[in-house]
Amino acid sequence: MDARGAIFFAVPGCPVTGEKLPLIVISHGRRGWFGGHHDTAAALADAGFVVAALNHPGDTWRDTSRTDSLSVLVERPADINRLIDYMLDDWPDASRINAQRIGLYGFSFGGYTGLAVIGGNPDLRKGLPNCATSSLLACKQLENGDAPGQPITPDPRVKAAIIVDPYPAFVFAEKNLKRIATPVQLWSSDPAQNADGLSGCCAVAIKEGLVAPDYHFVANARHFSFLATCTPKEAQVNPAACTDAPGFDRVDFHRSFHADIVAFFRKHFAESASP
């Protein structure tokens, strides 16, 4: 199947088998899309997880009308809440999901989203440290006196989270991160590759706030090395997202990356099932 130049190996209409299956929801990065991590979703599905991804309205490759805005920071976590509601209540095979085994995978702005969903309580106010020097539209809105239109409410249904290169990190106060009780596996690209202004920027700051995260630093990885490997067409259209550091093999890295995230979710879902 060809979607947006990406090749998905899939079986349309494939029946869901099994009972009490764990669910993983995926939150894409800034101006991303639901298929940006299709190989990771496939690896999780092959391992026995139900996987659901969505487009965050106003912050996708096709619709950037609200990218970086305060409304996106507020509404992204609510998007995930609604996705979980749909999967548990209205999805045709909802009865096959174990509602006690729900995990989240979030990349970049999706990492911010995941941290907010599991109780990171982002601090969105005027005078926020580091906002004055940030180009983030939300910072300009906060400094102009705008306020969140609704509270950001955590979702206790998420029992484990994989957070990759979360951005923005400066909205999370250390004291709020310390309160997160959900197990987190945290991944960081390499700041030695930060000529792109993204790589290695943020995970370390989050690591210092979390209590004992399962932390993984990936030497020579660029921020976009966590996205699915690009087709030649994608590489032509978006070389910045498709080009890795010299000698870095994205395909080989994803094999070990996927093994680690599958093991993390299995471990914590097994623990949550223990009496």
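The entries below take the disulfides and then the pocket.

**Entry: ground rules.** I am working with a predicted model, in which local features need pLDDT of at least 70 and side-chain atom pairs count only at pLDDT 80 or more, while totals for chains, interfaces and linings use all residues. Residues are numbered from 1 along each chain as its sequence is written, and side-chain values use heavy atoms, with hydrogens and water left out.

**Entry: disulfides.** I looked for pairs of cysteine sulfur atoms within 2.5 Å, which is what I call a disulfide, and the count came to three. Counting the bonded cysteines along the chain, I find the pattern 1-2, 3-4, 5-6.

**Entry: Cys131 and Cys139.** The sulfur atoms of this disulfide are 2.0 Å apart, and the torsion about the S-S bond is about -75 degrees, so I note it as left-handed. For accessibility I use relative accessible area with a 1.4 Å probe on protein chains only, where buried means under 20%, exposed over 50%, and partly exposed in between. Cys131 and Cys139 are both buried.

**Entry: Cys201 and Cys202.** Here the sulfur atoms lie 2.1 Å apart, and the torsion of about -85 degrees makes the disulfide left-handed. Cys201 counts as partly exposed because its relative accessibility is 42%, whereas Cys202, at 6%, counts as buried.

**Entry: Cys230 and Cys242.** I find these two joined at an S to S distance of 2.1 Å, with -85 degrees about the S-S bond, a left-handed link. Cys230 lies in the loop between strand E8 (214–217) and helix H7 (232–237), and Cys242 in helix H8 (residues 239–242), so the pair ties together parts that are twelve residues apart in sequence. Helices (H or I, at least four residues) and strands (E, at least two) are DSSP runs numbered from the N terminus. Cys230 is partly exposed at 23% relative accessible area, and Cys242 is buried at 16%.

**Entry: second largest pocket.** On a 1 Å grid over the protein atoms alone, a pocket is an open set of points where a 1.4 Å probe fits, with protein on both sides within 12 Å along at least five of seven lines, and lining residues have an atom within 4 Å of a point. The second largest pocket holds about 790 Å³ of space, the volume being that filled by probe spheres set on the points. Its lining has 37 residues, with Arg30, Arg31, Phe224, Leu227 and Asn238 nearest the centre. H7 gives the largest share of this lining, three residues, and H7 and H8 each supply at least two.
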